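These are my notebook entries on one protein chain. I record what I looked up, in the order in which I looked it up.

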Amino acid sequence: EEADYTPVVIRTKVFPAARMSTEDALDHMELVGHDFFLFIEASTGRPSVVYRRKGWAYGVIGLDEDVDTVPDSRAAARR
């Protein structure tokens with residue numbers, strides 16, 4: 001039993017998928033007071049997340065099964 005012990009606790013939550021614009025997702029994120037918000041981008045149908053960056057900057061990450069490569073993390077960090 002000791003071999004199965006881990007101090008890491010992973011909690012799982014499931015929410016209904018909501019189709020909305022990125023701007024609406026940002027509004028919802030601010031309303032709930034979180035640093036990120038998951039949604040379905042209405043114009044593309046793509047699962048996405050908006051998130052707070054430093055200051056008043058925001059970012060959007062979207063998933064696309066047709067994209068073959070992961071962006072270079074060094075290039076993304078410069079943005």
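**Entry 1: a starting question**

Is E30 buried, exposed or partly exposed? I looked up its relative accessible area and found 35%, so E30 is partly exposed. The cut-offs explain the label, because buried requires a value under 20% and exposed a value over 50%. I note here that the model is a predicted one.

**Entry 2: the salt bridges of E30 and R52**

I next looked for a charged partner of E30. E30 forms a salt bridge with R52, and their closest N and O atoms are 2.8 Å apart. This pair links distant parts of the chain, since E30 belongs to helix α1 and R52 to strand β3, 22 residues apart. R52 has 27% relative accessibility and therefore counts as partly exposed.

I then found that R52 also meets D35 in a salt bridge, with 3.2 Å from N to O. D35 lies in the loop between α1 and β2, whereas R52 is in strand β3, so the pair ties together parts that are 17 residues apart in sequence. I recorded E30, D35 and R52 as linked in a network of salt bridges.

**Entry 3: the remaining pair**

How many salt bridges are there by the rule applied? The count comes to 3. One of them joins the side chains of D64 and R46, at 3.2 Å from N to O. D64 lies in the loop between β4 and α2 (73-77) and R46 in the loop between β2 and β3, so this pair ties together parts that are 18 residues apart in sequence. D64 is partly exposed, with a relative accessible area of 34%. R46 is also partly exposed, at 31% relative accessibility.

**Entry 4: the order of elements**

I turned to the chain as a whole. I found 2 helices and 4 strands, which run β-α-β-β-β-α from the N terminus on.

**Entry 5: the sheet**

How are the 4 strands arranged? They form an open sheet in the order β1-β2-β3-β4, and the pairing is mixed. β1 (19-20) and β4 (58-62) stand at the edges; each has a single partner strand, so one side of each is left without a neighbour in the sheet.

I examined one pairing in detail. Strand β2 (residues 36-41) pairs with strand β3 (residues 47-52) in the antiparallel sense, over 5 bridges. For F37, the bridge partner in β3 is V50.

Which residues of helix α1 (residues 22-32) are buried? I found T22, A25 and M29 among the buried residues. They cover an arc of only 55° around the axis, which puts them on the same side of α1. The general rule is that an α-helix has 3.6 residues a turn, so residues three or four places apart point the same way. On the other side of α1, I found E23 and L31 exposed.

What covers the buried residues of α1? The cover includes β1, β2, β3 and β4. Just after α1, I noted that G33 takes a positive phi of about 75°.

**Entry 6: totals for the chain**

Of the 79 residues of the chain, 15% count as buried. The chain exposes about 7,200 Å², of which carbon and sulfur atoms supply 56%. Among contacts between residues at least 6 apart in sequence, 12% join residues at least 24 apart.

Terms used:
Residues numbered from 1 in each chain as written. Predicted model: local features only at pLDDT ≥ 70, side-chain atom pairs only at ≥ 80, totals over all residues. Heavy atoms only, no water. Buried < 20%, exposed > 50% of the residue type's maximum accessible area, 1.4 Å probe, protein only. Contact = heavy atoms within 4.5 Å. Areas by Shrake-Rupley, 256 points an atom, 1.4 Å probe, with all protein chains shown as cover. Pairing = 2+ DSSP bridges. Arc of directions from axis to C-beta. Salt bridge = Lys/Arg side-chain N within 4 Å of Asp/Glu carboxyl O.
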